[in-house]
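Subject: The structure to look through

Hi,

Here is the structure I promised to pass on to you. Have it open while you read, and I will walk you through what turned up.

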Amino acid sequence: MSEGKRNGRRFHTIIALVEDRPGVLNRIASKWRQRGFNIESLAVGHSETPGLSRMTFVVDASHDADQVVKQLDKLVDVVDIRDVSHEDIVAREMALIKVRCDAGNRSHIIEIVDIFRANIIDVSPESVIVEVTGDEGKIDAMFELLKDYGVIEMVRTGRVAMLRGAEASHPVGEGEESYERYPGQETW
Amino acid sequence: MEMTGAEMILECLAREGVEAIFGLPGGANLPLYDTLPKFYPKIRHYLVRHEQGAAHAADAYARVTGRPGVCFATSGPGATNLVTGIANAWMDSVPLVAITGSVIRPLIGRDGFQEADITGITIPITKHNYLVLDVNEIPRVMREAFYIASTGRPGPVLVDIPRDVQQERGQFYWPEKVELRGYRPRIYPDPAEVEKAARLIYESERPLILAGHGVIISQAYYELKELAEKGNIPVITTLLGISGFPPDHPLYMGMPGMHGMHWNNLAISEADLIIGIGMRFDDRVTGRLKDFAPLAKIVHIEVDPAEVGKNVRPAAALVGDARVCLQQLNRLVQHRERPDWFARLDELKREHPSLVYPEDAAQILPQYVIQKIYEVSGGDAYFVTGVGQHQMWAAQFFWSRKPNSFVTSGGLGTMGFEVPAAIGVQIAKPGELVWAICGDGGFQMTMEELGVVAEYDLPIKFAIINNGHHGMVRQWQSLFYRGNLVASPLKNPDFVKIAEAYGILALRATRREEVVPALERALAHQGPVLIDVHVKQDEDCFPMVPPGASLQETIGLPKEYIELVRRRQMAEVGR
Ligand SMILES: Cc1ncc(C[n+]2csc(CCOP(=O)(O)OP(=O)(O)O)c2C)c(N)n1
Ligand SMILES: [Mg+2]
């Protein structure tokens, strides 16, 4: 599911390579906010290149996401950005779900966790924390099943995405031009 | 070399070739002011009376020189006073470098006295901005600021520097090159698109050029004229494209859009090709977008990729510097006779006159004053306007022999631009004639800057088109709000006395016969002059596209005005 349609809304998956500096997130969020587009999820972390961060956003932008992407591309701190909604990508999200349980039903939860190939990463007398990775649908399904036991809290990382195959998602060095505006004539 | 932060800032400005700074001091930029005398007279500082004036003056300075304008303000209220001026430069793609002092580093984010998060505030209205927390970063940041402001699609950049960073000492290291991996403005268009555009132009029977600010920014005057003449294509200029093409050229058609020439709005609706150059198909140009140029294919020449495809879908898109694009296009463009099209345009011009008014009106008509200002200046002057009716008439009747001589607030439509902008132009162009065509409303928004005019004896000629109203608002209320004139009538001060209080020569014209003598007297006077012209209060500005309407629905001039033309034409035929 790269271009999602949930609850009748259209989600775009957009990936960006940005300078790792204060304020970058603010500049980017500002453009979406100006248009009233909601950011469904946002994941940020280091990229393979020192000094550059990699972002993945999922944005609810029924129309004109393209226009905002072009605006974002103009930001000095944005090195590359692309809407990969229609491309062949892998996309994953991770969630931590804290579920209420006791000796009586713990084994049921373990069964669910096994089916989803998730992990239990913390156990207490009254709870477990489940770590699950997958697409949003898988996490939603897992959450639905665990709800009956009593979910105390859940945290999701938001989607991270990259292109399949050997190609880099953000080609670097492309379109490099040095800029000089030669003065024109000052007369007609 | 070791220097203080303040010295570094000024050293960078000097290296960038900055000669004029507009600003106002305060606690957070005092180290900068303390250092200014060391750089005098290489760098001159002009003390404005309100920071908005500094931003507008620097903006206008940049428009007429093509180099970034620079303004200074202190933290908090000083910085926030710049905001309107920065937004104005942002909307009109003007290179502006705003340098603000900010509270000392230990106080940032703690609501210290006069703190405002100016970098946060200006994110949406700057191309980029910086908060400098390390003195050694100053040279790189300043270099980048000027580079970003002036390249690609120009725009404002703000640099916020805490007072303690200005005072700290550091090593001055001037980077030879700017390296910004995320910023690569386009210059050269895709050759395939250039070919496509040339083919579309050749195939077109009814082409029109719509030239915008980009022509002036890239100094593509010659190339635009070459395209028009070589391709035999009429030229329309947008509000900010005015003075990008000679107004007396046989191919010139004037302005389109909301208060543009009626013939242009109809011609656009009949054209089969629109060549937009350095313009963005703004709603004031296009009218209701879905009915804009219904028969036309579009060639869009534009430096900003985000503008391409934003409002219209181009059949060919040349993304790059307007001048470079035109040079490449002109090589391929072929001449074509288009007798039917030119005959049709002549017919539209005849049937829909847009530049007439009764010359014998009992009261002074604003159009008359504006046309006379152009006439007495002999085409050799800069014309700065405010925002409103007088601005639209100034655009309609524009006549000058100078490229880039029309300075106006387009995108933001900022009243009060006229006074400080005229100051910026006069300082950039000493020895040249500068007219400020002012609204009585707008003038009062920034008239404190007369202090600057007087202090530096700037020989600007101010003409207040005094209609006793926020004229454009009155016009909308009269046309669209049942004549319910709320908050548009103005109780004005005596503008003559105001000018005189500053020691500025002031004249008044209340009858038509007084207009030209007053203008001539103003020209003869060496120093600044203010003329308060009392014009007819309820004159409406036509043609007009009602808000939300299409260009085809343009309201033409009043019938009586058109009758005048008919009678004149008949008289000529009879002769
Ligand atoms: C700063 C600002 N506030 C409000 C407006 C809205 N506005 C547009 S035109 C206008 C009236 C301008 O009056 P004046 O300067 O006298 O010019 P006129 O239209 O009378 O020629 C107003 C209030 C504006 N453009 N800018
Ligand atoms: Mg007025």
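In this predicted model, the C-alpha centres of domain 1 of chain B and domain 3 of chain B lie 29 Å apart. Between these two domains, 23 residues of domain 1 are in contact with 27 residues of domain 3, where contact means heavy atoms within 4.5 Å. Chain B is divided into domain 1 (2–171), domain 2 (191–351) and domain 3 (366–541); these bounds come from an automatic or database domain assignment.

A word on conventions before you go on. Residues are numbered from 1 along each chain as its sequence is written, while chains are lettered from A and ligands numbered from 1 in the order in which they are written. Because the model is predicted, local features need pLDDT of at least 70 and side-chain atom pairs count only at pLDDT 80 or more, whereas totals for chains, interfaces and linings use all residues; side-chain values use heavy atoms, with hydrogens and water left out.

Now for the sheets. Helices (H or I, at least four residues) and strands (E, at least two) are DSSP runs, numbered from the N terminus, and two strands pair if DSSP finds at least two bridges between them. As background, strands of a sheet pair through backbone hydrogen bonds, either parallel or antiparallel.

One open sheet in chain B has six strands in the order E3-E2-E4-E5-E7-E6, with parallel pairing. Its edge strands are E3 and E6 (128–131), each pairing on one side only. On average, neighbouring strands of this sheet are turned by 20° against each other, direction ignored; axes are lines fitted to C-alpha atoms, for helices over the stretch in contact, and angles run from 0 to 180 degrees between N-to-C directions. Helix H1 (residues 5–15) of chain B packs on this sheet and touches E2 (20–23), E4 (69–73), E5 and E7, with its direction at about 165° to that of E4(B). Look also at E5(B) and E7(B) (residues 156–162), which run parallel and are joined by seven bridges. Here Leu96(B) has Pro156(B) in E7(B) as its bridge partner.

Three bridges join E9 (residues 207–211) to E10 (residues 235–237) in chain B, and Ile209(B) stands opposite Val235(B) in E10(B).

Leaving aside its neighbours within four places in sequence, Ile209(B) is in contact with several residues, including Leu224(B), Leu227(B), Val235(B) and Ile277(B). In the largest nonpolar core, which has 74 residues, Ile209(B), Ile277(B), Leu329(B) and Trp435(B) touch the most other members. A nonpolar core is a set of buried Ala, Val, Leu, Ile, Met, Phe, Trp, Tyr and Cys residues joined through side-chain atoms within 4.5 Å; buried means under 20% relative accessible area, exposed over 50%, and partly exposed in between (1.4 Å probe, protein chains only). Domain 2 and domain 3 of chain B both give residues to this core, so it lies between them. A second, separate core of 56 residues includes Leu24(B), Ala58(B), Leu82(B) and Ala89(B).

Which residues coordinate the magnesium ion (ligand 2)? They are Asp440(B) through OD, Asn467(B) through OD1 and His469(B) through O, at 2.0 to 2.2 Å. Donors are N, O and S atoms within 2.8 Å of the metal (3.2 Å for Na, K and Ca), and water is not among the atoms, so sites may look incomplete. In sequence, the donor residues are spaced D-x26-N-x1-H. Both Asn467(B) and His469(B) are buried.

Finally, some backbone details to find. A cis peptide bond joins Tyr40(B) and Pro41(B), with omega about 5°, and Pro41(B) is in the loop between H2 (30–35) and E3 (44–47) of chain B. The bond from Phe542(B) to Pro543(B) is also cis, with omega near -5°. Ser93(B) has a positive phi of about 55° although it is not a glycine, and Ser93(B) is buried, with a relative accessible area of 9%.

Happy exploring!
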